Amino acid sequence: MSSQEYATFIDMPVTRAQVEHCSYSFWSSLYSKYVPKSIIIKSLPKEFIQYLEQDGIKLPQEENSRSIYTEEIIRNEDNDYSDWEDDEDTATEFVQEVEPLLDFPNLHEQLNDAMNELGAVAPKLNWSAPRDATWILPNNTMRCNEVNELYLLLNASNYIMHDLQRAFEGCVDGDEEKGLKFDLILRQWCDMNPALEFRVFVKDSHIVGATQRDLNYYDYLDELSDTFKDLMDELVHEVVLPKFPDKSFVLDIYVPRPFNKIFIVDVNPFSRKTDPLLFSWNEIATAVPSKDGGNSDEDYELRLVTSHNTCRFASKEHSENHVPQDLVEASLNPEAIRELTQKWKELLSQQTQEESSDSEDGT
Ligand SMILES: Nc1ncnc2c1ncn2[C@@H]1O[C@H](COP(=O)(O)OP(=O)(O)O)[C@@H](O)[C@H]1O
Ligand SMILES: [Mg+2]
């Protein structure tokens with residue numbers, strides 16, 4: 001068997017500096033014309049970090065607050081849990097909890113001011129957005145209309161914890177976070193069409209592939225493919241590469257209609273930690289950049305979800321964080337729904353049988 005028949009695992013070393021270049025405050029300062037209006041709150045106080053790391057979510061109880069999250073609940077028969085509270089066995093909590101109004105009042109004020117200025121925001125920390133926690137907000141998106149929603153979303157997210165604890169994981173020159181300063185980025189909310197978000201892989205100053213970011217099938221993308229590639233090419237060669245300190249990185253972009261302007265959503269390390277989406281890292285790592293050496297790359301593939309592979313990819317992202325996977329799959333696939341219903345019926349009839357045999361045996 002020749003060695004070519006084996007897929008080799010290609011090492012892609014990434015340095016701390018490369019990860020730092022992908023922090024929002026670093027890269028967005030290079031391309032300010034290409035990002036939505038945002039406010040960066042630098043060097044978050046340690047109490048806020050502690051607040052994000054603590055279990056549970058403590059929302060501020062502000063005087064005159066009319067937030068649905070903190071409104072005093074008027075007790076009635078249906079919601080009166082006082083019997084439970086009196087329960088002798090209730091464990092007493094001795095852990096000192098961080099509270100926004102007591103422990104970081106200045107930051108709380110700053111956040112309120114920023115949100116008054118920007119309106120609704122899409123938040124993120126240095127590298128990650130809380131995409132996994134949207135289930136906690138009533139609109140099921142990252143859109144935060146008030147500061148309490150911001151606290152809820154950030155607290156419920158494992159992706160945010162990643163930034164706080166494992167941002168440099170896998171770096172060849174060390175992974176400790178000691179002394180690292182954290183930033184909170186509030187991006188002015190824009191209603192983005194997920195179909196028009198793309199991820200572009202740049203290796204040694206050449207685009208070696210690009211993919212849809214949202215893995216659903218959109219029938220109108222295919223015929224626009226060349227338009228998107230031209231825009232990506234121009235952005236990478238004329239805007240990004242001339243200023244970015246690294247030659248390999250992964251760029252997330254947004255191309256809204258009428259396709260004459262492009263936005264940079266994020267810059268990510270050229271490493272296995274960045275999701276290759278419709279590609280595999282092996283494909284990206286072994287791709288041969290175009291040889292013309294000029295300021296354009298025409299040979300790369302913009303990979304789209306086709307109607308043929310829809311079922312394979314169209315499962316909801318981060319679904320492990322809310323409803324059972326069975327249900328998510330079933331919601332996308334009629335066959336799975338039938339199967340699930342059948343299983344459910346079997347369980348019910350089994351249960352009914354057990355109950356009736358129990359009552360026959362009993363007494
Ligand atoms: N200003 C914005 N308004 C609304 N949604 C946004 C905004 N910026 C980004 N998003 C959405 O958030 C998603 C994640 O943002 P991103 O910065 O790429 O975070 P991450 O690196 O954690 O994936 C994007 O794919 C986009 O859909
Ligand atoms: Mg990213």
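This is a predicted model: local features need pLDDT of at least 70, side-chain atom pairs count only at pLDDT 80 or more; totals for chains, interfaces and linings use all residues.
Visitor: How much of ligand 1 does the protein bury?

Guide: An oxygen atom of ligand 1 is 2.8 Å from a side-chain N or O atom of Arg187, and a nitrogen atom of ligand 1 is 2.9 Å from a backbone N or O atom of Cys190. Taken alone, ligand 1 exposes 560 Å², an area computed by the Shrake-Rupley method with a 1.4 Å probe. Of that area, the protein buries 90%.

Visitor: Which domains does ligand 1 lie between?

Guide: Ligand 1 is surrounded by 17 residues, with Lys124, Ala129, Glu197, Arg213 and Asp266 the closest; a residue is near a molecule if one of its heavy atoms lies within 4 Å. At least two shell residues come from each of strand 2 (121–124), strand 3 (184–188) and strand 7 (263–268), where a strand is a DSSP run of at least two residues and a helix one of at least four. Both domains contribute to the shell, so ligand 1 lies between domain 1 (37–60 + 97–188) and domain 2 (194–311).

Visitor: Which strands are at the edges of the open sheet?

Guide: The open sheet has 5 strands in the order 7-6-4-5-8, with mixed pairing; two strands pair if DSSP finds at least two bridges between them. Pairing on one side only marks the edge strands, strand 7 and strand 8 (302–303).

Visitor: Which residue of strand 8 is the bridge partner of Ala210?

Guide: Strand 5 (residues 206–212) is parallel to strand 8, with 2 bridges between them. In strand 8, Ala210 is bridged to Leu302.

Visitor: How many residues of strand 5 are buried?

Guide: Buried means under 20% relative accessible area, exposed over 50%, and partly exposed in between. Strand 5 is largely enclosed by the rest of the structure, because the buried residues number 7 of the 7.

Visitor: Which residue in the turn between strand 4 and strand 5 has a positive phi?

Guide: Strand 4 (residues 197–203) runs antiparallel to strand 5, joined by 6 bridges, and Val202 has Ile207 as its bridge partner in strand 5. The two strands form a hairpin with 2 residues between them. In this turn, a positive phi of about 45° belongs to Asp204.

Visitor: What is the relative accessibility of Leu277?

Guide: Most residues other than glycine have a negative phi. Leu277 counts as buried, at a relative accessibility of 15%.

Visitor: What is the omega of the peptide bond from Arg257 to Pro258?

Guide: Pro258 is in the loop between strand 6 (249–254) and strand 7. The bond from Arg257 to Pro258 is cis, its omega being near 5°.

How values were computed:
Residues are numbered from 1 along each chain as its sequence is written. Chains are lettered from A and ligands numbered from 1 in the order in which they are written. Side-chain values use heavy atoms; hydrogens and water are left out. A polar contact is a pair of N or O atoms within 3.5 Å; within protein, one must be able to donate a hydrogen and the other to accept it, and residues adjacent in sequence count only if both atoms are side-chain atoms. Domain bounds come from an automatic or database domain assignment. Buried means under 20% relative accessible area, exposed over 50%, partly exposed in between (1.4 Å probe, protein chains only).
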